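Here are my notes for you, written so that you can follow along with the structure open beside them. Take the points one at a time and find each residue as you go.

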Number of protein chains: 2
Amino acid sequence: MTDWKTTYQEIRQTLDHKKDDHLNTLFTLLRQPSISTLNIGVRECAELLLGIMKDSGINADIMETKGHPVVYGEIIDPKNTKTILFYGHYDVQPPEPLELWESDPFVPTIRDGKIFGRGTGDNKGQLIAHVLAVKTLLEQNGSLPVNVKFLYEGEEEKGSVNLASFVAEHKDLLKADIAYTADGPMEGDGQPTVTLGNRGLLYVELNALGANRDNHSGNKGNIAPDPAMTLLNLIRTMVTDDGEVLIDGFYDGIIQPTPEEKEQLRSIPFFPEKTAKVVGLDSLSMTNEEYYTNLCFKPTFTIAGFLSGYTGEGTKTIIPGKAKVKLDMRLAPNQDPAAIYSAIEKHVSAFDSRCQITVKNLSAVKPSKTPLSHPLVQKVIESVETAYEIAPVVLPALGGTGPMFVFTDILNIPSVTVPYANVDEDNHAPNENMGLKEFYWGIQASSSAILNLGLTD
Amino acid sequence: MTDWKTTYQEIRQTLDHKKDDHLNTLFTLLRQPSISTLNIGVRECAELLLGIMKDSGINADIMETKGHPVVYGEIIDPKNTKTILFYGHYDVQPPEPLELWESDPFVPTIRDGKIFGRGTGDNKGQLIAHVLAVKTLLEQNGSLPVNVKFLYEGEEEKGSVNLASFVAEHKDLLKADIAYTADGPMEGDGQPTVTLGNRGLLYVELNALGANRDNHSGNKGNIAPDPAMTLLNLIRTMVTDDGEVLIDGFYDGIIQPTPEEKEQLRSIPFFPEKTAKVVGLDSLSMTNEEYYTNLCFKPTFTIAGFLSGYTGEGTKTIIPGKAKVKLDMRLAPNQDPAAIYSAIEKHVSAFDSRCQITVKNLSAVKPSKTPLSHPLVQKVIESVETAYEIAPVVLPALGGTGPMFVFTDILNIPSVTVPYANVDEDNHAPNENMGLKEFYWGIQASSSAILNLGLTD
């Protein structure tokens, strides 16, 4: 990077002149459906993205997985000391219900300063920003100050089912100093945001079979077992009234927030009234430290679903034959979903009951955590401030779950997420959109990150 | 009854000659739909029944309630010292699903020794037996050895919603020495049965509102309250793992079985393997005393329904906004559903929670108990043995619920139920039926009861 000569302000001017070109590229990508769950247009979209990347000067190729392909790309220059791995996904959610769209989901349309179309924010308008930044930098300067790699998968909307195995099988190819993801919306007030991890997930279904039929609650009351009560009794052995989980080893290995992280949490703007409204509550009495500690550093144990017997209007006097419950556990940094699932199996098999109880593992994703103190994380935070001209909100973790553990736990590199989309992007919903302003900001942010990481030694 | 001269055997012979007449009367009644929940043909059926009763020599009339009318009848003779109150219901269940009927539900049809049609067993074929017995006895003897009253309601299949108020408002009219009901099927092996009560019912719905929407279990996990967990925590304050109910005063007033009743329970034939099969269990390890104690003398606390959140296949990662549970409590002799409901309201309002919890009383029926030792009960038991030529099974109570409390608790008279239908009557189901044999047996049983109660002083 000794020969690097272009400043961010010069790049910024060039980007301003290329806006129409960049928008055209995005529109090309948006016109191509790529619905991974329905297998509609996914490979066509991968081919299209490959072409755009090659035209941008990236050495790219399609790589197969057990499912939809990965589009991989790289620009390696021996002079560079650092490598960024950009992660994104080119698949989209189904557009249904179609009648609620104001314009065709696969005909990108600009209204009120926003681009409408399936996949604008999630994730085509964000993943292409990295490509367009690289293209612009290459055109202006002939080379890049850092090596870049691109891991663009086609199955994120299917739960990234083959990503971990792909990453594990291509550790050398994907070797990098930091993983950088642009996905999701910015924080509530439109502040730029940098997140350094996410909670994991263990989603388990328990089924209790009492009898092979529903029985009359009078004629068979005290005779047939009560499967819903059995699950309730089982769950009461798993969690206290106060929410403390009693499953053996559940809290093992959890990393508590550092004083620095706690300080960080206290600095995040928090608007309880606004948040209460979003959540659908009358009020929310939490400090910002409590709120973000609850989201970033504590696991959850939620009943996401419970069904047994008659649930319509009025009475049906039965002892249901069966009951099921879905348990949704978000896992804090360093909890291990596989170990916890084993503990649950053991817990259930030790539970004495007249019902037959079965356990199903429906989803298990590891948490991911990147330390705030990592020097490259600081570089990314600076680069975001440069691009947006305001310091970003830094979140130690998202409350939700993502595949970032493949970077932190398989590749053993820090992972940052910098969401480029507007807060009302309506991803997964009708009229998905991305603001024009946010789209151009994203390209600036990717450019700024490449430049700033190039300024490390 | 001093002038009574006909023996049961003589009556029995007459009944045998009247079989075709009796069957025709039943068919007339069966052809008239009387679906109380849909208000189809109910008044027409009341008028028809009224005509049959008048033609049989009974002083009868239609009496209005707030819902469908009661058909009331009586034959009072000052010479008689005792009065039987026959209770039954002329309304029927809806016949749906029609496609599962092998013949039109309102065209009575004989196949394989059974009469098929909606209402055959439940309850037209049973209530008409009393009328036909009275008609035959009157024709043969010109008078009856006991006074008879008939309380035939049109809302039993709607939960007898106006019966208690009707009985309370007409205590003098309904004054009697014993209430006699023929309803339900005989015991498993086709033995004649006499039951002396039934459990009560309190059916309550609890709703917990956490937020006005479902929330993302990641982004809002530990922020939005969990309404299913809240109900679970609430229920765990109401009942122990062992099923002991903790609601204040729940067990107040319960009458324990007498040594005589316990002895009685031990004498009831019980076939655990057969019962297990009916209930849908692999096996059932209970003695007959345990089984019948559980059904006749112990209350239940059953989760008849539980619904919250996502209950389909796979995962939906939400914190549901709301949850509901339906609690079905069968009440043992002398428990008071009104007092228990008040205790539940109090219990719930004292429960501390972030959710808003509401309680609904969906059904409350008092239990009913008649002592085995009552002399008229013994007379009924003898009369059943005479009619069926085998000693009946005597149950201290049914596990289910019925309106018999109106007799024991409002009129303060003993109440016996003698089911006339075959065990496979399929009431409430397609192809409802009553065996021809059982239909004729029922008329004998009613005749025998009238004669035997007339032999008391």
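This is a predicted model: local features need pLDDT of at least 70, side-chain atom pairs count only at pLDDT 80 or more; totals for chains, interfaces and linings use all residues.

1. K114(B) turns out to be buried, because its relative accessible area is 19% and the cut-off for buried is under 20%.

2. Now see what K114(B) is doing there. It makes a salt bridge with D424(B), and the closest N and O atoms are 2.7 Å apart. Look at where the two come from: K114(B) is in strand 5 (residues 114-116) of chain B, while D424(B) is in the loop between strand 18 (415-417) and strand 19 (433-435) of chain B. That puts the partners 310 residues apart, so this pair links distant parts of the chain. D424(B) has a relative accessibility of 37%, so it counts as partly exposed.

3. E289(A) pairs with R266(A), with 2.8 Å between the closest N and O atoms. Since E289(A) belongs to helix 9 (residues 288-296) of chain A and R266(A) to helix 7 (residues 259-267) of chain A, the pair ties together parts that are 23 residues apart in sequence. E289(A) is partly exposed at a relative accessible area of 23%, and R266(A) is also partly exposed, at 38%.

4. For a contrast, go back to chain B and find R330(B) and D328(B). They form a salt bridge whose closest N and O atoms are 3.4 Å apart. R330(B) is buried, with a relative accessible area of 2%, and D328(B) counts as buried at 0%. Salt bridges can also share partners: E205(A), K326(A) and K360(A) are joined that way into one network. Over all chains, the structure holds 29 salt bridges.

5. Time to look at where the two chains meet. The contact takes 70 residues from chain A and 70 residues from chain B. About 5,300 Å² is buried between the chains, and carbon and sulfur atoms give 55% of that area. On the chain B side, N222(B), I223(B) and R236(B) supply 12% of the area buried against chain A, more than any other three residues. If you wonder about the unit, the size of an interface is often given as the accessible area lost when the parts come together.

6. How many salt bridges are there between chain B and chain A? The count is two. One to find is between the side chains of R236(B) and D241(A), at 3.0 Å from N to O. Side chains of opposite charge can pair when their charged atoms come close. There are also 41 residue pairs in polar contact between the chains, counting pairs with both residues at pLDDT 80 or more. By class, the side of chain B that touches chain A has 29 nonpolar, 26 polar and 15 charged residues.

7. You'll find it in helix 6 (residues 227-236) of chain A, and it counts as buried because its relative accessibility is 15%. Its side chain makes a polar contact of 3.1 Å with the side chain of D241(B). Leaving aside neighbours within four places in sequence, R236(A) touches L246(A) in chain A, plus R236(B), V239(B), T240(B) and D241(B).

8. Strands take part in the meeting of the chains as well. Strand 12 (residues 302-309) of chain A pairs with strand 12 of chain B in the antiparallel sense, over five bridges. To find the pairing on screen, look for G309(A), whose bridge partner is G305(B).

9. Finish with a strand inside chain A. In a regular strand the side chains alternate between the two faces of the sheet. In strand 7 (residues 178-181) of chain A, I178(A) and Y180(A) point one way, A179(A) and T181(A) point the other way, and all are buried. Strand 7 pairs in the parallel sense with strand 3 (residues 83-89) of chain A over four bridges, and I84(A) stands opposite I178(A). Strand 7 also pairs with strand 18 (residues 415-417) of chain A, again in the parallel sense, over three bridges. There, S415(A) is the bridge partner of A179(A).

Technical notes:
Residues are numbered from 1 along each chain as its sequence is written. Chains are lettered from A and ligands numbered from 1 in the order in which they are written. Side-chain values use heavy atoms; hydrogens and water are left out. Buried means under 20% relative accessible area, exposed over 50%, partly exposed in between (1.4 Å probe, protein chains only). A polar contact is a pair of N or O atoms within 3.5 Å; within protein, one must be able to donate a hydrogen and the other to accept it, and residues adjacent in sequence count only if both atoms are side-chain atoms. Contact means heavy atoms within 4.5 Å. Buried area is the accessible area (1.4 Å probe) that two parts lose on being put together, summed over both. A salt bridge is a side-chain nitrogen of Lys or Arg within 4 Å of a carboxyl oxygen of Asp or Glu. Ala, Val, Leu, Ile, Met, Phe, Trp, Tyr, Cys and Pro count as nonpolar, Asp, Glu, Lys and Arg as charged, and the others, Gly among them, as polar. Two strands pair if DSSP finds at least two bridges between them.
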